[in-house]
Amino acid sequence: MGSEVGATTTRRKAETPATYIGLKTRAQSLKLNNGSVSGSSQQQQRSTEKKKEKKKSHKPPTVDNKYSQWKTLVPILYDSISNQRLVWPSLSCRWGPQYEQASSKNQQRLYFTEQTDGSVPNTLVVADCEGVRKQLNGEPCSPFVKKYKTIIHPGEVNRIRELPQNSKIVATHTDSADVLIWDTETQPDRHAVFGAPHSRPDLILTGHEDDAEFALAMFPTEPFVLSGGKDKSVVLWSIQDHITTAGTDSKSPGSSIKQTGGRSVGPRGVYHGHEDTVEDVAFCPSSAQEFCSVGDDSCLILWDARTGSGPAMKVEKAHDADLHCVDWNPHDNNLILTGSADNTVRLFDRRKLTSNGVGSPIYKFEGHEASVLSVQWSPDKSSVFGSSAEDGLLNIWDYDKVGKKSAGASKSPAGLFFQHAGHRDNMVDFHWNVLEPWTIVSVSGNCESNGGGGTLQIWRMIDMIYRPEDEVLTELENFKSQVFSCAFKL
């Protein structure tokens with residue numbers, strides 16, 4: 001591992017007036033087409049498709065076709081992108097703590113999983129990532145990823161969540177009833193070979209009566225952990241008494257987890273209300289006593305630990321199929337996102353849910369062609385969020401753009417302004433980087449036709465896509481004078 005593939009940038013020095021014209025056209029095309037593909041490429045493709053429709057019905061593009069088109073647009077759509085081929089598929093990824101900061105680079109931990117075939121153990125990988133920063137010449141540089149440590153995990157690592165107050169501590173879900181807590185800095189580096197014993201977790205959270213595989217969350221400001229599982233329950237823990245006040249950054253010596261009192265931690269509360277497997281959970285950003293959950297019963301449930309173990313609010317039919325994911329807006333406590341096997345993302349306002357559980361989403365986002373696996377609000381703008389799905393796409397949405405369609409954007413789903421198509425199989429997980437604006441890590445498996453294994457990508461869309469249009473065009477106008485000045489000197 002440790003090699004970097006696919007670095008690319010979009011800002012290049014101008015040499016002729018044509019450069020300005022091209023950049024301005026590019027910016028306008030990106031805006032008009034919501035950033036998913038360039039306008040000229042879309043027009044050419046639609047023209048070709050219309051001719052073919054005379055001979056045969058139109059078929060939707062395959063993942064490979066979308067990937068091929070995406071590769072041609074990378075120089076246009078991204079400030080930077082790094083592609084890492086993995087030996088094994090990955091089911092989860094998260095950003096860890098920053099351990100070095102400088103004007104030219106930002107060193108940060110990165111966590112991801114390796115789901116093996118049993119010939120070697122499943123692992124939780126701790127990697128070093130040199131974050132996206134501008135070089136001295138103003139060009140963006142792509143991140144460089146190198147494996148730092150391997151933790152041999154007891155079973156598949158289905159989900160990783162970091163403790164926001166001390167992100168070198170992570171929780172993991174596997175195919176068991178327990179939640180495992182790890183201090184990634186003090187865990188020994190292991191060599192993952194067949195027959196090697198598992199690493200020992202620092203804490204084991206008990207309370208589920210059946211496997212808890214995916215639903216996992218940690219509260220932003222206090223050490224609370226939330227989980228859901230096949231036992232149809234939601235379980236809440238506090239690990240406050242097991243966390244030390246020292247060692248809260250990656251450079252601090254010693255463990256952040258107290259080694260006294262045993263490794264097993266019982267639940268603070270167990271909550272019942274679902275009628276099928278709980279697939280995902282999320283805390284209300286302002287209160288560890290309030291949280292929500294979604295499940296295979298198509299329900300969205302809001303809970304308040306202060307009022308008992310039953311639902312505070314239950315939306316019986318939040319989607320038309322199983323719900324896979326949920327996220328609570330960190331900027332607005334009233335807004336909750338859900339994603340489902342019905343291929344849609346829905347936005348709920350808890351103020352508009354009634355006491356009998358009746359409530360419709362304030363908007364339904366339709367832009368995926370397969371089950372939505374993950375949704376997550378952006379830390380950079382309160383109305384922006386991402387959604388990844390089994391169609392291999394990671395869509396970036398802005399609900400403020402709903403109802404504000406521009407000319408030429410009628411073919412794009414409302415609210416969609418960027419589409420990342422760099423993965424060739426199920427886009428299982430992604431994570432926004434709170435330390436590097438608009439930077440995302442995403443992981444997937446690889447289809448057998450592509451050699452198997454997995455893919456990890458770290459990328460940032462070009463800022464002309466998310467910045468205000470007037471601001472972008474003003475910048476290009478200023479750039480125009482520089483281009484013409486250079487041209488006249490030739």
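Predicted model: local features only at pLDDT ≥ 70, side-chain atom pairs only at ≥ 80, totals over all residues.
Okay, let me start with the cysteines. The sulfur of C292 is 8.6 Å from the closest cysteine sulfur, in C284, so that pair is too far apart for a bond. For a disulfide I'm asking for two cysteine sulfur atoms within 2.5 Å. On that basis the structure holds zero disulfides.

Residues are numbered from 1 along each chain as its sequence is written, and side-chain values use heavy atoms, with hydrogens and water left out.

Back to C292: its relative accessibility is 0%, so it counts as buried. C299 counts as buried too, at 3%. Buried here means under 20% relative accessible area, exposed means over 50%, and partly exposed is in between, with a 1.4 Å probe and protein chains only.

Side chains of opposite charge can pair when their charged atoms come close. My salt bridge rule is a side-chain nitrogen of Lys or Arg within 4 Å of a carboxyl oxygen of Asp or Glu. How many salt bridges does that rule give? The count comes to 19.

Have a look at K66 and E369, which form a salt bridge with their closest N and O atoms 3.3 Å apart. K66 is in helix α3, residues 63–77, and E369 is in the loop between β22 (363–366) and β23 (372–377), so this pair ties together parts that are 303 residues apart in sequence. When I say helix or strand, I mean DSSP runs numbered from the N terminus: H or I with at least four residues for helices, E with at least two for strands. K66 is buried, with a relative accessible area of 15%, whereas E369 is partly exposed at 49%.

Another one is R306 with E290, again with the closest N and O atoms 3.3 Å apart. R306 lies in the loop between β17 (300–304) and β18 (313–315), and E290 lies in strand β16 (residues 287–295), so the pair links parts that are 16 residues apart in sequence. Here R306 counts as exposed, at 55% relative accessibility, and E290 counts as buried, at 17%.

Then there's R467 with E475, a salt bridge at 2.7 Å, N to O. R467 is buried at 14% relative accessibility, and E475 is partly exposed at 40%. And salt bridges that share partners join E290, D304, R306 and R350 into one network.

Now the nonpolar core. I define that as a set of buried Ala, Val, Leu, Ile, Met, Phe, Trp, Tyr and Cys residues joined through side-chain atoms within 4.5 Å. The largest one has 26 residues, and those with the most contacts inside it are Y78, I396, F417, F418, W459 and M461. Several elements each supply at least two residues of this core, among them β1 (78–86), β25 (394–398), β29 (454–461) and α5 (469–489). Which element gives the most? That's α3, with five residues.

If you click on M461, setting aside residues up to four places away in sequence, M461 touches L77, Y78, D79, I396, F417, F418, W438 and Y466. A contact is heavy atoms within 4.5 Å.

On to the sheet. Four strands form an open antiparallel sheet, in the order β1-β29-β28-β27. β1 and β27 stand at the edges with a single partner strand each, so one side of each has no neighbour in the sheet. The twist averages 15° from one strand to the next. Strands count as paired if DSSP finds at least two bridges between them. β27 and β28 (residues 439–445) pair over five bridges, in the antiparallel sense, and the bridge partner of D429 in β28 is V443.

What lies across β1 and β29? It's α3, running at about 140° to β1. Axes are lines fitted to C-alpha atoms, for helices over the stretch in contact, and angles run from 0 to 180 degrees between N-to-C directions.

K232 has a positive phi of about 70° although it is not a glycine. K232 lies in the loop between β11 (224–228) and β12 (233–238), and is partly exposed, at 38%. S298 also has a positive phi without being glycine, near 65°. S298 is in the loop between β16 and β17, and counts as buried, at 8% relative accessibility.
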